[in-house]
Amino acid sequence: MFLTQVLNGLQLGSIYALVALGYTMVYGIILLLNFAHGDIIMFGSYVAWIALVQLGLNPAIAVLLAIFGCVVLGVLIDKVAYAPLREAPRLSILITAIGVSYLLENGVQLLLGADAKVVPSIIDLGTVQVFGSTLSGTALLTVAVTIVATVVLTLLVQKTRLGKAMRAVSEDMGAARLMGVNVNSTISFTFAVGSALAGIAAILYSMAYQQVSPTMGVMLGTKAFVAAVLGGIGSIPGAVIGGLIVGFSEVFVAAFGLSVWQDAVVFLLLILVLVVKPTGLLGRPVTEKV
Amino acid sequence: MTKMYPRDNNHNPVIVTGFGGKDGQRRELTMPARYAINAILVALFVFGGNFLVGEGLISRYQTVVFEQIGVYVLMTVSLNIVTGYLGQLPLGHAGFMSIGGYACAIFIIRMMPLFGLDAQSMASGSTPAVILFVVGLLFGGICAALMGVVIGIPALRLRGDYLAIITLGFAEIIRVVLVNIDSALGFKLTGGASGLTGIPAYTGYLNTAIVVSLAIFAIHTLMKSRHGRAILAIRDNEIAAEASGVNTTYYKTLAFVFSAFLAGIAGGLYAGCIGVMAPAKFGFMKSVEILVMVVLGGMGSMFGSVVSATVLTVLPEALRAFADYRMVAYAIVLILVMIFRPEGLFGSYDFSLSRIIERIMNKDFPWNKDDSDEQTDVPVNAKADAQANEQADTQVDVQAEASTDSKEA
């Protein structure tokens, strides 16, 4: 029983971690709290739903389509809504992000209706018996995918030229431009990577809960952002740790029969961490330039 | 391009106050005259409107729409204090509204028997009803303001996006608490998820108009005072403001708490207008809706806030047929405004009747442009400056030629 709860926590935490990685990467590079990130996940889940239910495609193709759809949407949002505002005050771009989030939610609601849609099972993994506890295969797959995605992402950021460019732009955009880094394409690439992670999270979320609705991204996105801030925004291991903390606290609050309070607990945790350590658990302190 | 007026030894225009003023002197209204004109107009609006409601010339439905406009105007101008004047972005304004609304409604419902009132007589406008209304509204506002202190002190230590996310978090906590507090307390207080019902209809045209006018006057006087200038200084550059001796923590908290207080008052009016309080109405979406009103009107423009809150409350009522498209249109307008006019439709422009009257008094119209001052404003040593510039230009030219020469060589 305990093991099942731990796995549930890991599963939920993994999904939060994947979403939080997307937040943290975009924030790290252009200091934008991308409010639309949660809605990109919603979009990905709808793409999977359309591919599986409306078009009856092979699940593997549906998964690829969902991830591809998220990448295209993420880059498009950056090009259309955020790129014109690179030099604008932070407040303007933040409000634009809220506008994009609003647009996606209400646009999907207008086109496909406000009711939740059922996503059929993408892959049936059955259950595994370990030490007398029943563990769901989906949960194990979720955890495995998250570990692989995090490792690949870390290698990408630390070992490749593009990763080096991303780190350079995040450090100092102006200096990176002078060193010959193509800042705009680096930012687009960051959005693409973050959105691809969102697409993976969308698939894992649909597998776990088997339903999609236009507003599913709001709470998921907000809590993943909480996870990113908890771990220290801009830090990849921080996002994973934050995601796991949020996932575990939700599952254990629910296990104590207090599930109605779980949202409040997550936000309370965030507030406590921010009050004690304003940069999050693994965040670097930022000195303000005058 | 202003008109040329006689100037004193320091080149400041000689100003003549009062309605008088000889030709060629700028005429200005005295402060008492300005206040008198505005007070008369506000009184005309408040009591004239109330007379029309009493006579039945404004229907019940229109009155309710007016009350909602009042609530949203109050919410928008109060958020504008923090977003427009202080330059911070809180995303939990609906949380304060719900606190104020619940506190005010519960207070009035519990206190009615003590005052010998029932739901009918609460709306009658009798003296005890008015006293209870005022006390209840203040109670709601103070509860919201206390919550503002609790939230503001940790939140305002953080900058920008952290402030946004922490206020969002607090608003969510408030919502969850409102839903679940009954089961935790063991008696009925907020009515849980289904909401608080049986709120007497204590909000009417007259008290909405008076409360909103008072609130706008209070914000106006605050912003024209020393404290208001300190708040604006923090917006423009927090570090510079601090270096100039502005106690930034104090003024940030002051603006935040004042904004929360007014939002609580707005919540109290809202409860009396709608009659039912449900926590789901005060989610993140409500906060965003208010933010849209502030941004659209122009951050830092009270006039813009009032106009956009009015338009965005009336439009959905007028365009019920297109209700499905409303939110999509909101979103697109918000993005377009941010991209093409980031300062909002009115920017930081504020309407001033006195300024317009003064312009008329001075016949200072755009089509009456007097260009003569541009010539007279040219300083005496301008000629010398021009010569110096020419010299500098020729020097640059020489250098440029020299560099091209060296390249060719």
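Start by selecting residues 134-157 of chain A, where the chain is 88% helix and 12% strand and the end C-alpha atoms are 37 Å apart; helices (H or I, at least four residues) and strands (E, at least two) are DSSP runs, numbered from the N terminus. What you see is a predicted model, in which local features need pLDDT of at least 70 and side-chain atom pairs count only at pLDDT 80 or more, while totals for chains, interfaces and linings use all residues. Residues are numbered from 1 along each chain as its sequence is written, and chains are lettered from A and ligands numbered from 1 in the order in which they are written.

Residues 134-157 are one of the spans that an unreviewed UniProt entry lists as "transmembrane region" in chain A, others including 12-33 and 225-246; the UniProt positions are given in the numbering used here, feature names are shortened, and annotations may be inferred rather than shown by experiment.

**Where the chains touch**

Now display both chains and select the residues in contact between them (C-beta atoms, placed from the backbone, within 7 Å): there are 35 in chain A and 34 in chain B. On the chain A side, the elements that give two or more residues are α4 (90-112), α9 (216-231) and α11 (262-276), and α4(A) gives the most, with 14 residues. Colouring that side by residue type divides it into 27 nonpolar, 6 polar and 2 charged residues, where Ala, Val, Leu, Ile, Met, Phe, Trp, Tyr, Cys and Pro count as nonpolar, Asp, Glu, Lys and Arg as charged, and the others, Gly among them, as polar.

Stay with α11(A), which has 15 residues and reaches 21 Å from its first C-alpha to its last, close to the 21 Å expected at 1.5 Å a residue, the expected span being 1.5 Å times one less than the number of residues. Its buried residues (20 or more other C-beta atoms within 10 Å of their own; 12 or fewer is exposed, and in between is partly exposed; C-beta atoms are placed from the backbone) include A:Asp263, A:Phe267 and A:Leu274.

**The nonpolar core**

Select A:Val19, A:Ala48, A:Ala201 and B:Leu74, which touch the most other members of the largest nonpolar core, a set of 199 residues; such a core is made of buried Ala, Val, Leu, Ile, Met, Phe, Trp, Tyr and Cys residues joined through C-beta atoms within 7 Å. Helix α10 (residues 248-274) of chain B supplies the largest share of this core, 16 residues.

**A bent helix in chain B**

Helix α2 (residues 60-85) of chain B has 26 residues, of which 20 are buried. The helix α2(B) bends by about 35° at B:Leu79, the bend being the angle between axes fitted to the seven residues ending there and the seven starting there. After α2(B) comes B:Gly87, whose phi is positive, near 75°.

**Two loop residues in chain A**

Most residues other than glycine have a negative phi. Finish at A:Leu31, in the loop between α1 (2-30) and α2 (37-54) of chain A, whose phi is positive, near 55°, and at A:Gln210, in the loop between α8 (183-209) and β4 (211-212) of chain A, where phi is also positive, about 55°.

Note on methods:
Two residues are in contact if their C-beta atoms, placed from the backbone, lie within 7 Å.
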